[in-house]
Amino acid sequence: MTKHDALIEQLCSEAQPVKRAAPPWPRAALWMLAALPCGFLASLAMHRHGSDWSNPGALWAGLAIFVSLCLGLLAIAIAFTISIAGRRLTQWHWRSLTALSVAWLAVNLIDVTFSSEPWGEFGDGIYCYSFMMLAGLPMMAIIVGALRRTRSLHPGPSLAIAGLGVAAMTQILLGFCHPVAGDLMDLAMHLAAAATLVAVCVLVGRRWVAI
């Protein structure tokens with residue numbers, strides 16, 4: 001440690017140029033283009049059902065898919081944003097995520113009213129839970145790898161919001177092989193799968209993303 005010049009020369013020789021990360025929104029769009037096909041391929045391992053788009057509730061089911069797309073893209077962009085040192089969650093982030101989450105829930109509750117059995121039965125939604133987990137795992141691996149590009153001083157919030165984005169993207173895939181009119185029991189399993197994806201993303205990804 002007394003030979004400072006030698007130490008500086010060694011550090012300079014080992015230093016690598018730092019490549020600046022792309023802005024959050026383009027990164028989120030590229031992630032979506034990579035993650036959705038991977039999630040779709042993973043979901044092929046399960047038997048898929050067709051959606052009856054002639055059902056009166058098809059408009060609300062389609063709107064739910066669109067809101068899921070907006071929520072997923074926003075959540076991933078925010079996760080990329082706050083993973084950069086010096087960036088934190090703002091009120092705009094919270095309000096935007098809350099507004100889209102409430103909109104998603106409201107649209108799905110309206111869609112439930114078109115079901116012949118709005119309450120459902122015990123066991124409804126197990127297929128949906130399995131589907132979301134299967135489709136979400138490869139997406140989760142991709143988002144953890146992407147967040148590892150910049151690392152994060154606060155990996156918990158970044159990964160939690162990223163997990164929300166993954167859950168929203170699995171809802172898009174599920175929407176195309178799901179009965180147009182669901183029920184409350186089925187919707188509860190959707191929410192349970194989303195919570196599980198968020199928890200797994202935080203627990204598994206923390207050691208890979210933390211600085």
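Two residues are in contact when heavy atoms lie within 4.5 Å. The model discussed here is predicted.

Q: Which residues make the contact between α5 and α6?
A: From α5, the residues are Tyr-127, Cys-128, Phe-131, Met-132, Ala-135, Gly-136, Met-139, Met-140, Ile-143, Val-144 and Leu-147. In α6 they meet Ser-158, Leu-159, Ala-162, Val-166, Ala-167, Met-169, Thr-170, Gln-171, Leu-173 and Leu-174. By class, this contact of α5 with α6 holds 17 nonpolar, four polar and no charged residues.

Q: Why is α4 called roughly antiparallel to α7?
A: Helix α4 (residues 91-112) and helix α7 (residues 184-209) have axes that cross at roughly 155° and come within 10 Å. An angle over 145 degrees counts as roughly antiparallel, and that makes α4 roughly antiparallel to α7. The crossing of α4 past α7 is right-handed.

Q: Which residues of α4 and α7 meet?
A: Trp-104, Leu-105, Asn-108, Leu-109 and Val-112 of α4 meet Leu-184, Leu-187, His-190 and Leu-191 of α7. The contact of α4 with α7 comprises seven nonpolar, two polar and no charged residues.

Q: Why are α2 and α6 described as oblique to each other?
A: Helix α2 (residues 24-43) packs against helix α6 (residues 155-175) at about 55°, with the axes 10 Å apart. An angle under 35 degrees would count as roughly parallel, and one from 65 to 115 as roughly perpendicular. The value for α2 and α6 lies between these ranges, so the pair is oblique. Their crossing is right-handed. On the α2 side the contact is made by Trp-31, Met-32, Leu-36, Gly-39 and Phe-40, and on the α6 side by Val-166, Met-169 and Leu-173. These residues divide into seven nonpolar, one polar and no charged.

Q: What makes the pair of Tyr-127 and Phe-131 tilted?
A: The structure holds one aromatic pair. The ring centres of Tyr-127 and Phe-131 are 6.2 Å apart, and their planes stand at 35°. Centres within 6.5 Å qualify rings as a pair, while planes under 30 degrees apart would be stacked and planes over 60 edge-to-face. The pair is therefore tilted. Both residues lie in helix α5 (residues 126-147), four residues apart, or about one turn of the helix.

Q: How do you know whether Tyr-127 and Phe-131 are buried or exposed?
A: Buried means a relative accessible area under 20%, and exposed means over 50%. Tyr-127 has 22%, so Tyr-127 is partly exposed. Phe-131 has 0% and therefore counts as buried.

Q: Why is Arg-48 called partly exposed?
A: Its relative accessible area is 28%, which falls between the limits of 20% and 50%. Arg-48 is therefore partly exposed. Arg-48 is found in the loop between α2 and α3 (58-82). Not counting residues up to four places away in sequence, Arg-48 touches Phe-40, Ser-43, Tyr-127, Phe-131 and Cys-177. Arg-48 and Leu-174 are 126 residues apart in sequence and 9.3 Å apart in space, C-alpha to C-alpha.

Q: What makes His-93 and Asp-111 buried?
A: The limit for burial is under 20% relative accessible area. His-93 has 9% and so counts as buried; Asp-111, with 7%, is buried. Leaving aside residues up to four places away in sequence, His-93 touches Ile-78, Thr-81, Ile-82 and Arg-88. With neighbours within four places likewise left aside, Asp-111 is in contact with Gly-57, Trp-60, Ala-61, Val-180, Ala-181 and Gly-182.

Q: How many helices and strands are in the protein chain?
A: The protein chain has seven helices and zero strands. Of its 211 residues, 42% are buried.

Terms used: Residues are numbered from 1 along each chain as its sequence is written. This is a predicted model: local features need pLDDT of at least 70, side-chain atom pairs count only at pLDDT 80 or more; totals for chains, interfaces and linings use all residues. Side-chain values use heavy atoms; hydrogens and water are left out. Axes are lines fitted to C-alpha atoms, for helices over the stretch in contact, and angles run from 0 to 180 degrees between N-to-C directions. Helices (H or I, at least four residues) and strands (E, at least two) are DSSP runs, numbered from the N terminus. A crossing is left-handed if the near helix is turned anticlockwise from the far one by less than a right angle, and right-handed if clockwise. Ala, Val, Leu, Ile, Met, Phe, Trp, Tyr, Cys and Pro count as nonpolar, Asp, Glu, Lys and Arg as charged, and the others, Gly among them, as polar. Rings of Phe, Tyr and Trp (its six-membered ring) pair if their centres lie within 6.5 Å; planes under 30 degrees apart count as stacked, over 60 as edge-to-face and the rest as tilted. Buried means under 20% relative accessible area, exposed over 50%, partly exposed in between (1.4 Å probe, protein chains only).
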